Amino acid sequence: MALVQGASMSSSRIVIVGGGFGGLYTALNLCQFPWTAANRPDIVLLSNERHFLFSPLLYELITGEMQSWEVAPPYEELLAETPVRFQQAQVRGVDLAQRRVDMGGESLTGDYLVLAVGGETQRPPIPGLREYAYEFRTLADAERLRERLRLLLTGTGVVRVVIVGAGPSGIELACKLADQLGNRGRVRLVDRGMEILKTFSPFARETAQKALERRRVWLNLATTVTEITAQSITLNYKDQLDVLPVDVVVWTAGTCTPAWVRALPTSHDDQGRVVVRPTLQLPDYPQVLALGDVAACVDADGQAIPRTAQAAFQQADYAAWNLWALITGRSLLPFRYVHLGEMLTLGTEDAALSGLGVQLQGPLAYVVRRLVYLWRLPTLKHRLQVGWHWMITPWLDWVTRWTASPPPVV
């Protein structure tokens, strides 16, 4: 049942904390409503990064299939033609009652708050994890890993990579790295569980398993990591320790809620996420909404919402509507999640896709996946820029090859 909330018609401020799929798309969606001069809000987007990251395409940076500007455009560029104000800030905490955001020596208060900061990489207390393991969550992570691999490839011998975590991030990264390194690489995937992609469909698991086998990626399941050093990793399988030489360890195992979100004086689930109503409001703070990885949400149909970009993308539509409804006195809408399927990149020009009764794998799935993500890029201008680049790149590559080795004159 929709909730009705009255609100003042005077100008108000919406502060959106976090610039990922939930935060940025909420801000962009708010710009589409027919605001009047009397109720048009001041919208402020806060993020600790200067660039938005379209995280499902982060893997393409490793193989050079895409460039940084395509995957991580600056917020200033994306918001240039909107009334949304962007501010780069490291959020330290939030006063829910006052709707005040603490940014370390500076604060910002809003009439409405949106918490969409996303999750963080989970780091268990494993010796050497913080010092020697690479993460793969941000643009800086991808660039750091790419540079490390470039340096290793300038040398001789085999490049040994261990990826910890056999969820979608680990699987996709393992396939990309195996293709990128070719015969120079030895890629190993480690997970404490008994199967890969445990929350995915049988089709996705089977297709991913075959992709790993084709690329000769070693798979160690039911295995935990006990120590990481600069040149080795220690694995525990059935209480048997095995110390393996390694050049790169990438940690993709698990997501946790930021500490300041776990400390908020509101209800949390066992993962530290804030509990929200189906309208995405905090129960005791109806002018505060939360979505994405930090929100424990059960939708109007009783579905527990997963921590995925797809879910945050959909929640942003409802968050924007409900903020508009709160300000203009309309009825709020309870969130209804629609599972649209699963997409995995499984190497260069290889992917798996399932959803809405369709199952695809191989090059065709790769093309469809890229087109779907092209459509989901934040703004029309950015979509056109990326789409045009994708169209002309093959022709430019052909011209480059042709001019380097022109055909013989007959």
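Predicted model: local features only at pLDDT ≥ 70, side-chain atom pairs only at ≥ 80, totals over all residues.
Colleague: Where is Leu340 placed, and how much accessible area does its nonpolar patch have?
Modeller: Leu340 sits in the loop between helix 10, residues 309-328, and strand 22, residues 342-345. On the surface, Leu340 forms a nonpolar patch with Val338 and Leu356. Taken together, the residues of this patch have an accessible area of about 290 Å².

Colleague: Which residue in strand 5 is the bridge partner of Val94?
Modeller: An open sheet of three strands, in the order 4-5-6 and with antiparallel pairing, has strand 4 (93-95) and strand 6 (107-109) as its edge strands, each of which pairs on one side only. From one strand to the next, the twist averages 20°. Strand 4 is joined to strand 5, residues 100-102, by three bridges, and in strand 5 the bridge partner of Val94 is Val101.

Colleague: How far is the backbone nitrogen of Ala97 from a polar atom of the side chain of Asp95?
Modeller: Asp95 belongs to strand 4, and with a relative accessible area of 28% it is partly exposed. In space, Asp95 is 7.9 Å from Leu264, C-alpha to C-alpha, although the two are 169 residues apart in sequence. As for Ala97, its backbone nitrogen lies from a polar atom of the Asp95 side chain at a distance of 3.1 Å.

Colleague: How many residues apart in sequence are the parts that the pair of Arg369 and Glu60 ties together?
Modeller: The side chains of Arg369 and Glu60 meet in a salt bridge, at 2.7 Å from N to O. Because Arg369 lies in helix 11 (residues 363-376) and Glu60 lies in helix 2 (residues 59-63), the pair ties together parts whose separation in sequence is 309 residues.

Colleague: Are Arg369 and Glu60 buried or exposed, and which residues are linked with them in a network of salt bridges?
Modeller: Both Arg369 and Glu60 are buried. A search of the whole structure finds 16 salt bridges, and there is a network of salt bridges in which Arg369 and Glu60 are linked with Glu65 and Lys176.

Colleague: Why are Arg150 and Glu147 separated by about one helical turn?
Modeller: These two side chains meet in a salt bridge, with 2.7 Å from N to O. Arg150, at 44% relative accessibility, counts as partly exposed, and Glu147 counts as partly exposed at 35%. Arg150 and Glu147 are separated by about one helical turn because, within helix 6 (residues 139-154), their spacing is three residues.

Colleague: What relative accessibility does Asp247 have?
Modeller: Asp247 forms a salt bridge with Arg160, and the closest N and O atoms are 3.1 Å apart. Since Arg160 lies in strand 10 (residues 159-164) and Asp247 in the loop between strand 15 (240-245) and strand 16 (248-251), the pair ties together parts that are 87 residues apart in sequence. Arg160 counts as partly exposed at 32% relative accessibility, whereas Asp247 counts as buried, its relative accessibility being 17%.

Colleague: How many of the six residues of strand 10 are buried, and which residue in strand 11 does Val162 stand opposite?
Modeller: Strand 10 is largely enclosed by the rest of the structure, because the number of its six residues that are buried is five. Strand 10 pairs with strand 11, residues 185-190, in the parallel sense over six bridges. In strand 11, the residue that stands opposite Val162 is Arg188.

Colleague: Which residue in strand 12 is the bridge partner of Leu189?
Modeller: Five strands form an open sheet with parallel pairing, in the order 9-16-10-11-12, and its edge strands are strand 9 (134-135) and strand 12 (218-220). Strand 11 and strand 12 pair in the parallel sense over three bridges. In strand 12, the bridge partner of Leu189 is Leu219.

Colleague: At what distance does the side chain of Asn236 reach the backbone nitrogen of Asp239?
Modeller: Asn236 is found in strand 14, residues 232-237, and at 19% relative accessibility it counts as buried. The side chain of Asn236 reaches the backbone nitrogen of Asp239 at 3.0 Å.

Technical notes
Residues numbered from 1 in each chain as written. Heavy atoms only, no water. Pairing = 2+ DSSP bridges. Helix = DSSP H or I, 4+ residues; strand = E, 2+ residues; numbered from the N terminus. Axes fitted to C-alpha atoms, helices over the stretch in contact; angles between N-to-C directions. Patch = residues over 30% accessible without salt bridge, like charges linked within 9 Å, V, L, I, M, F, W, Y side chains within 5 Å. Areas by Shrake-Rupley, 256 points an atom, 1.4 Å probe, with all protein chains shown as cover. Salt bridge = Lys/Arg side-chain N within 4 Å of Asp/Glu carboxyl O. Buried < 20%, exposed > 50% of the residue type's maximum accessible area, 1.4 Å probe, protein only. Polar contact = N/O pair within 3.5 Å; in protein donor to acceptor, adjacent residues only side chain to side chain.
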